[in-house]
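Please have a look at the structure first.

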Amino acid sequence: MQITITTLSDQLFTIEVSEELELENFKALCQEETGVPALEMSIVWNGRPLHDDKLTLKEYGIKDSDMVLIQHLRGQTRSAQNPRSNQSGAGVPNIDFSSIQIPGAAQPSPSRDDPAFIRQMLLSDPSQLALLKERNPPLAEALLSGDVAKFKKVFEEQRAAKQRDEDEKRRLLTADPFDPRAQQQIEEAIRMKNIESNMETAMEFAPESFGQVHMLYVDCKVNGHPVKAFVDSGAQMTIMSQACAERCHIMRLVDKRWEGVAKGVGTQKILGRVHLCQIQIGSLYLQSSFSILENQPMDMLLGLDMLKRHQCVIDLGKNQLQIGTTGTVTPFLGEADLPEHARLNSVASAGGGSKEDRDLAEALSRSAQDTAAPQASGSSAGPSSSSGASSSSGQSQFPEAVLSQLMSHGFSRQAVVDELKRSNGNVDQALASLFSKSFSMP
């Protein structure tokens, strides 16, 4: 017969069982689906909790298509739920020996709920650290600061905020479903689920969209002084910063009658214009005019006026700038040759942030190469790896105690099994991955 099972966390599924199945075995089946330990599980049918684990479903009166509710009673033991199991040991005193230290015995491992332990796991896994920097900059900044107290504070604040959000959602969803606030929460939950699904699809099929590209710069000389020029076909005119103009000794040629305000993404003051100046790109000498801006972060920007005048072609396939009037080409600069403000890691904190980012990128690349083969073999496992057998395969590969321990942090069973598969059974690595993916920037 088929029994529909629901939980207080809105899980709903149907299992096929025999009516002669005892309640304790039924709990074991439910444990596989919900992750709730059988010893801490209470089965409620028709508003009545079922206590005797030795009775069958038929003896309780449960019929085909009935629904039962599973409650997680934390801290409960089998003796509290099943009075019959206490009868045989009624005269045995209940003594707690857990505080007795055995000489030479190994000390217990640190709890995986401890922020210090989670911090150490993230620091030891460069790939998860890189993911955390992308998804949660505040927590990543606290992690890299070296201050354990700061990381613990940020971690606990974010975990408490997440728990408050979950409690508020659960409260609203269990209240009047027609309450406007509850409807807004449902709408927001559906929207965020769609966004997460869209992002996961993009990460799987278009991972290059999450990469960063550096801007197009070329080496040139202005009045004999080397300058790194930014090629920008979206700019109307060629501009130069006041600091660069002073360095190239052309401020004496600025015509202040052309001063004004440049408007784009913000506004900047135009000090004036240099009507004609020589630019050397490679072995080629070109003529150009410049508008001098007062507070311009980049030294020089080759705008559309310059590019059209010399019929320039931006060839991204060959990564070069072609001067159409002469046919000469000059390569675009690599990231290592860019000016400091234009590099991708310019937002990194002081104290060697750029080197740290390069180390993380290299470690992430190595990690992806190392895990490519196991993932490929897992994806071609055949029918046994289908979604319909996910729970049984997870049970056969990983101990139930490990799954329950990871699920106690609030992660679904499927997410735990997937991360354990990706980490080849490494519990700490799977937990670090789950945490780095679950916490998002507030």
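What follows is a set of questions on a predicted model, each with a worked answer.

Q: In which strand does Gln71 lie, and is Gln71 buried, partly exposed or exposed?
A: Gln71 has its place in strand 5, which covers residues 67-72. Buried means under 20% relative accessible area and exposed over 50%.

Q: How far apart in space are Gln71 and Thr7, C-alpha to C-alpha?
A: Strand 1 (residues 2-7) pairs with strand 5 in the parallel sense, over four bridges. Along the chain, 64 residues separate Gln71 and Thr7. In space, their C-alpha to C-alpha distance is 6.4 Å.

Q: Which residues is Gln71 in contact with, leaving aside its neighbours within four places in sequence?
A: A contact here means heavy atoms within 4.5 Å. With the neighbours within four places in sequence left aside, the contacts of Gln71 are Leu8, Glu40, Met41, Ser42 and Val44.

Q: Which residue in strand 5 stands opposite Val44?
A: Strand 3 (residues 41-45) and strand 5 run antiparallel and are joined by four bridges. On the strand 1 side, where the pairing is parallel, Ile5 stands opposite Val68. For Val44, the residue opposite in strand 5 is Leu69.

Q: What is the bridge partner of Leu321 in strand 15?
A: Strand 14 (residues 320-323) pairs with strand 15 in the antiparallel sense, over four bridges. In strand 15, the partner of Leu321 is Thr330.

Q: Are the rings of Phe151 and Phe155 stacked or edge-to-face?
A: A pair of aromatic rings is described by the distance of the centres and the angle of the planes. For Phe151 and Phe155, the centres are 5.9 Å apart and the planes stand at 25°. Planes under 30 degrees apart count as stacked, so the pair of Phe151 and Phe155 is stacked.

Q: Where do Phe151 and Phe155 lie, and are they buried or exposed?
A: Both residues lie in helix 7 (residues 148-174), four residues apart, which is about one turn of the helix. Phe151 has 0% relative accessibility, and Phe155 has a relative accessible area of 2%. With the cut-off for buried at under 20%, Phe151 counts as buried, and Phe155 is also buried.

Q: At what angle do helix 13 and helix 14 pack?
A: Helix 13 (residues 400-407) passes helix 14 (residues 413-422) in a right-handed crossing. Glu400, Val402, Leu403, Leu406 and Met407 in helix 13 meet Arg413, Val416, Val417 and Leu420 in helix 14. These contact residues divide into seven nonpolar, no polar and two charged. The axes are 9 Å apart, and the packing angle is about 115°.

Q: How many of the 10 residues of helix 5 are buried?
A: Helix 5 spans residues 126-135 and is mostly covered. Its buried residues are Ser127, Gln128, Leu129, Ala130, Leu131, Leu132 and Arg135.

Note on methods
Residues numbered from 1 in each chain as written. Predicted model: local features only at pLDDT ≥ 70, side-chain atom pairs only at ≥ 80, totals over all residues. Heavy atoms only, no water. Buried < 20%, exposed > 50% of the residue type's maximum accessible area, 1.4 Å probe, protein only. Helix = DSSP H or I, 4+ residues; strand = E, 2+ residues; numbered from the N terminus. Axes fitted to C-alpha atoms, helices over the stretch in contact; angles between N-to-C directions. Left-handed = near helix turned anticlockwise from the far one by under 90°. Nonpolar A, V, L, I, M, F, W, Y, C, P; charged D, E, K, R; others polar. Pairing = 2+ DSSP bridges. Phe/Tyr/Trp six-rings, centres within 6.5 Å; stacked < 30°, edge-to-face > 60°.
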